[in-house]
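Let's take a friendly walk through one protein chain, a few places at a time. Keep the picture open beside you as you read.

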Amino acid sequence: MKKLIIEGKKEISGTISISGSKNASLPILAASILSKAVKLSNVPFVKDIFTMIELLKFIGLKVKVQPNKKILELENKKRNINTLAPYRLVKTMRAGVLVLGSLLTKYKKAKVSLPGGCAIGTRPVDLHLFALKKLGAKIKIKDGYIIAEASRGLLGAKIKFPSISVGATENALLAAVGAKGKTELMNCAIEPEIIDLVKFLKKLGCKIKILKRKIIVNQSTISESKVNHRVIFDRIEAGTYLIVGALVGKKLIIKNIETKIIRNEIFILKKMGVKIISSKNSILILRSKNLKRILISTKPYPGFPTDLQAQLMVLMTQAKGRSKIKENIFENRFMHVPELKRMGAKIDIKNKIAIVSGPTRLTGAEVMATDLRASVSLVLAALVAENKTVVNRIYHLDRGYEFLEKKLKKCNAEIKRL
Ligand code: UD1
């Protein structure tokens, strides 16, 4: 099994170019089922994207991949398609469930494997199904599959989500564009990745308006012509490298981003004493000393993202005093804590809150990655720790971080894959 070997305490300088967003690409790929022909650029070629490509090919789309150019071309000119998303392709990547909305819109039926639980929590899909049922889909669960049908087409409705979900908002949008009349989605997630999906859908001809947490969709006719779209930057990858800069950076530049989208993260890091100079599309992080403690909670966008909680926790170990981070989105997202403790971190967990005492000297150890963001937090801890760290089970990292070692190595980090 592959592992990363990291020699810590090396100062990092240079420029890191941020890849396109995995979490924006996945729903856009699911939305491509609706179109005739699509050309996507700035696609990150990480494991989850390849899994989605495999799923779309299984369904019957033609896919042309140009990883060197970060381009993906998709074609769906068939009348009849395989409206099935099998377990083997959904179990490793929950976003597979997003084909449900597109398949129902275009083919009026879908059979999609239930994604099941995952390491960070139970992660049900009840909110996805709630919205689709309100749009008139008949849904039953059989043998681990969601079997959905809308033989006479979907019907526009007013839908208020009982709680905010990124995936459910995306699935509801993909179904609502094909629903007769007008749909109002309320209490929606408004993550930048959803805004990017809406931009893409508008290029396909969809009529969508966003008003704070409300999204209004009018029945749309999908364009016959080829659509080009450049995927938004990965704000979680950007935030991860910002934290790398705060931990071990001397002069690190993060480029290929839209700074305004991550202004909250920048504000929080500045509050902790990180030296950041930002411009419209890049950020310079300078050596930061005397980091201050912070109290923070994860929230839906524009709040602090749960996908950066583990990475920020590593920075907290280097800040003076007792920092606190409350995880509000997932019920079991502190699995990196025992591993960080093995490296010397002082962390107590009380219900949803992790209390981190610092500053602490971290030391290298053999650690085990448990999920995508937890894995990268161990890499961050290894970069600031004394001696050598071995991070095991790095296939999680490959699901979401493009060229991680290459990007870090270019900036003088000592990191290799075995
Ligand atoms: C997406 C992101 C993931 C991120 C998460 C929260 C992608 C591919 N993944 O995941 O990286 O961590 O948003 O920002 O974009 N929930 C329900 N019922 C549902 C759906 C969700 O109870 O039907 C709960 C979840 O268990 C969780 C919370 O709602 O506690 C938020 O989950 P959600 O926003 O749906 O996350 P994902 O879309 O799965």
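## A serine in a loop

Serine 165 sits in the loop that runs between strand S10 (158-160) and helix H6 (166-176). Keep in mind that this is a predicted model.

Is serine 165 buried or exposed? Its relative accessible area is 15%, and buried means under 20%, so serine 165 counts as buried. Leaving aside residues up to four places away in sequence, serine 165 touches Leu127, His128 and Ala189.

## A lysine in a strand

Now look for lysine 109, which belongs to strand S7 (residues 109-113). With a relative accessibility of 45%, lysine 109 is partly exposed.

Which residues does lysine 109 touch, not counting those up to four places away in sequence? They are Thr83, Leu103, Leu104, Ala148 and Glu149. Lysine 109 and isoleucine 147 are 38 residues apart along the chain, and 7.8 Å separates their C-alpha atoms.

Helix H1 covers residues 22-31, and nine of its 10 residues are buried, so the rest of the structure largely encloses it. Among the buried residues of H1 are Lys22, Leu26, Pro27, Ile28 and Leu29.

At the start of H1, look at serine 21: one of its side-chain oxygens comes to within 3.3 Å of the backbone nitrogen of asparagine 23.

## A helix with a buried face

Helix H9 (residues 263-271) has Glu265, Ile266, Ile268 and Leu269 as buried residues. Viewed down the axis of H9, these buried residues fall within an arc of 160°, so they line one face of the helix. On the face of H9 turned away from the buried side are the exposed residues Arg263 and Phe267.

What covers the buried residues of H9? The cover includes helix H8 (235-248), strands S16 (275-278), S17 (282-286) and S18 (295-297), and helix H10 (309-316). Just after H9, glycine 273 has a positive phi of about 100°.

## The second largest pocket

The second largest pocket has a volume of about 490 Å³. Its lining is made of 21 residues, and Pro192, Ile232, Phe233, Glu258 and Ile261 lie nearest its centre. By type, the lining divides into 11 nonpolar, four polar and six charged residues.

Helix H7 (192-203), strand S14 (227-230) and H9 each give at least two residues to this lining. The largest share, four residues, comes from H7.

How values were computed: Residues are numbered from 1 along each chain as its sequence is written. This is a predicted model: local features need pLDDT of at least 70, side-chain atom pairs count only at pLDDT 80 or more; totals for chains, interfaces and linings use all residues. Side-chain values use heavy atoms; hydrogens and water are left out. Buried means under 20% relative accessible area, exposed over 50%, partly exposed in between (1.4 Å probe, protein chains only). A polar contact is a pair of N or O atoms within 3.5 Å; within protein, one must be able to donate a hydrogen and the other to accept it, and residues adjacent in sequence count only if both atoms are side-chain atoms. The arc is that of the directions from the helix axis to the C-beta atoms. Contact means heavy atoms within 4.5 Å. On a 1 Å grid over the protein atoms alone, a cavity is a set of points where a 1.4 Å probe fits but cannot get out, and a pocket is an open set with protein on both sides within 12 Å along at least five of seven lines; lining residues have an atom within 4 Å of a point. Grid points are joined across faces, edges and corners, and a volume is the space filled by probe spheres set on the points. Ala, Val, Leu, Ile, Met, Phe, Trp, Tyr, Cys and Pro count as nonpolar, Asp, Glu, Lys and Arg as charged, and the others, Gly among them, as polar.
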